[in-house]
Each structure stands twice: as C-alpha cells, then as structure tokens.
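Here are my notes on the model you asked me to look over.

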Amino acid sequence: MSELLDTERAYVEELLCVLEGYAAEMDNPLMAHLLSTGLHHKKDVLFGNMEEIYHFHNRIFLRELENYTDCPELVGRCFLERMEDFQIYEKYCQNKPRSESLWRQCSDCPFFQECQRKLDHKLSLDSYLLKPVQRITKYQLLLKEMLKYSKNCEGAEDLQEALSSILGILKAVNDSMHLIAITGYDGNLGDLGKLLMQGSFSVWTDHKRGHTKVKELARFKPMQRHLFLH
C-alpha cells in the first residue's frame, strides 16, 4: 500500500512537472524563438490528453487512494469505482504514435533542451511522455502483489475484480494501438464492429498443385500475418 501511494504521489508530481515545464512553455512568448516551425500548434499532438490524466489523478484518484491507507485490503473498491475514468488512458495511448513521430522529427529542437535544463531533468521529454503508459501497467503489478497478501480478506474479491478490469483496459489499449496502425484499408474500420481480439499468426496457403495431407502442408513455409477478429 505504501508503494502504491508513494508511486502515485510521484506520478502526479511528474505529470505536473511536464505540463508546467514543457507544455505551458510552448505558449510562452519568451520561448517562442526556440520553437521549430514543426512544433507550432502541435501541443495537443505531443502531449495528448496528459492534462486530463493529471487532473483525474491529482483531484480524484490520489485522494481516494489515501482514504484506504489504514485498510489496504479494501483498496480494490477504489479502483472499481473509478474504472470508467481509466478509459482516458486509451485515448492517450492511441495518440502515442503521433506523439512519438513528432518527437523524432523535433527532438533536437533547442526549446526542449532549454526546458530540460531549467527543470534540471537527467532524462529528456520522451521518457516523461511514457510515464502514463508505464503507470497503467504498474497498477496491475501492484494489484497482483496486494492480492497475494490479501487471501481470505474481506476485500479480496474486489482486488481480484480490480485486477481483471485493469488487465481489460490494458488489452483494450493494446488492441486499439494495433488497430490504428492499419493503413490502406478501403472501408471504414468502425463499421466492422467491436474488436474482440488481435494477434500475430502463422498462415499457410494452398500450394499450386494442391495438397492432400496435413503432412504435405507442413512442408510449406508459413507467412506471418496480423489478424483482427471483429
């Protein structure tokens, strides 16, 4: 529980640091001369909905977690009550490829170096832009640990359900990131319905001469394909 609270407080501080030390500085007229043209009006692309994530954790989730300091075995309830709010991470992760692409183009911009120097950060901005992705992954590890020490406790079922829900969000995030990587599809992906699962598969196709036995099929080299089930 202490690790959950300590890391949550550190996470909130780091997000605020990035929003004040980088995002807000992009609108600072005194820093405008350091911004490359490729970064103009691109704040939303670079930072996604980080501000929304910060406000949720700072104003709501951290305070609610602190209410469970003396009864850590019941903290699963806190996650379950806020599970809908965690959907904001899906939006952040969907934007991540655009953000990374922009960063690769502009990472050597003097603006970023100046901001990093002012903040006295050892790591560059891209490390901090990864923090939300790392945080949502960290929750499932912490919940697994808490579950391990909460067997037969009053809140054990809630902890298990909270873990399942966080894993569900991680799956949705992973699925959506694969989905937005699809290019060259003529139709509208939204018309295909809900994405149920996706993954890499080995795919065999019939040989020109045709085959009669599975043994023969095994001789042909499989092709790697990424399949989506809607």
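**Notes on the predicted model**

1. Arg135 has a relative accessibility of 5%, so it counts as buried. This is a predicted model, so read that value as coming from predicted coordinates. Arg135 sits in helix α8, which covers residues 131-148.

2. What does the side chain of Arg135 pair with? Its partner is the side chain of Glu8, through a polar contact of 2.9 Å. Leaving aside neighbours within four places in sequence, Arg135 is in contact with Leu4, Thr7, Glu8, Tyr11, Tyr89 and Leu142.

3. Now the overall layout. The protein has 10 helices and 2 strands. Read from the N terminus, the order is α-α-α-α-α-α-α-α-α-β-α-β. The radius of gyration is 23 Å, well over the 17 Å that the globule rule gives for 230 residues, so the protein is more spread out than a compact globule. Along the principal axes, the C-alpha trace spans about 70 × 60 × 35 Å.

4. Some totals for the whole protein. Of the 230 residues, 36% are buried. If you take the contacts with a separation of 6 or more, 75% of them are between residues 24 or more positions apart. The accessible surface is about 14100 Å², and carbon and sulfur atoms contribute 52% of it.

5. Helix α5 deserves a look. It runs over residues 88-106, 19 residues in total, and reaches 26 Å from first C-alpha to last, close to the expected 27 Å.

6. Gly38 lies in the loop between α1 (2-23) and α2 (43-47). In sequence, Gly38 and Cys106 are 68 residues apart, but their C-alpha atoms are 7.2 Å apart in space. Gly38 has 32% relative accessibility, so it counts as partly exposed.

7. Glu25 is in the loop between α1 and α2 too. Is Glu25 buried or exposed? At 16% relative accessibility, Glu25 counts as buried, because the cut-off for that label is under 20%. Apart from neighbours within four places in sequence, Glu25 is in contact with Glu20, Met31, Phe111, Cys115 and Lys118.

8. Last, helix α9. It has 24 residues (156-179) and should span 34 Å at 1.5 Å a residue; the end C-alpha atoms are 35 Å apart, which agrees. The buried residues of α9 include Leu159, Leu163, Ile166, Ile169, Leu170 and Val173, along with Asp175 and Ser176. What covers the buried residues of α9? The cover includes α4 (76-81), α5, α8 and β1 (197-203).

Notes:
Residues numbered from 1 in each chain as written. Predicted model: local features only at pLDDT ≥ 70, side-chain atom pairs only at ≥ 80, totals over all residues. Heavy atoms only, no water. Helix = DSSP H or I, 4+ residues; strand = E, 2+ residues; numbered from the N terminus. Expected span 1.5 Å × (residues − 1). Rg over C-alpha atoms; globule rule 2.2 N^0.38 Å. Buried < 20%, exposed > 50% of the residue type's maximum accessible area, 1.4 Å probe, protein only. Contact = heavy atoms within 4.5 Å. Areas by Shrake-Rupley, 256 points an atom, 1.4 Å probe, with all protein chains shown as cover. Polar contact = N/O pair within 3.5 Å; in protein donor to acceptor, adjacent residues only side chain to side chain.
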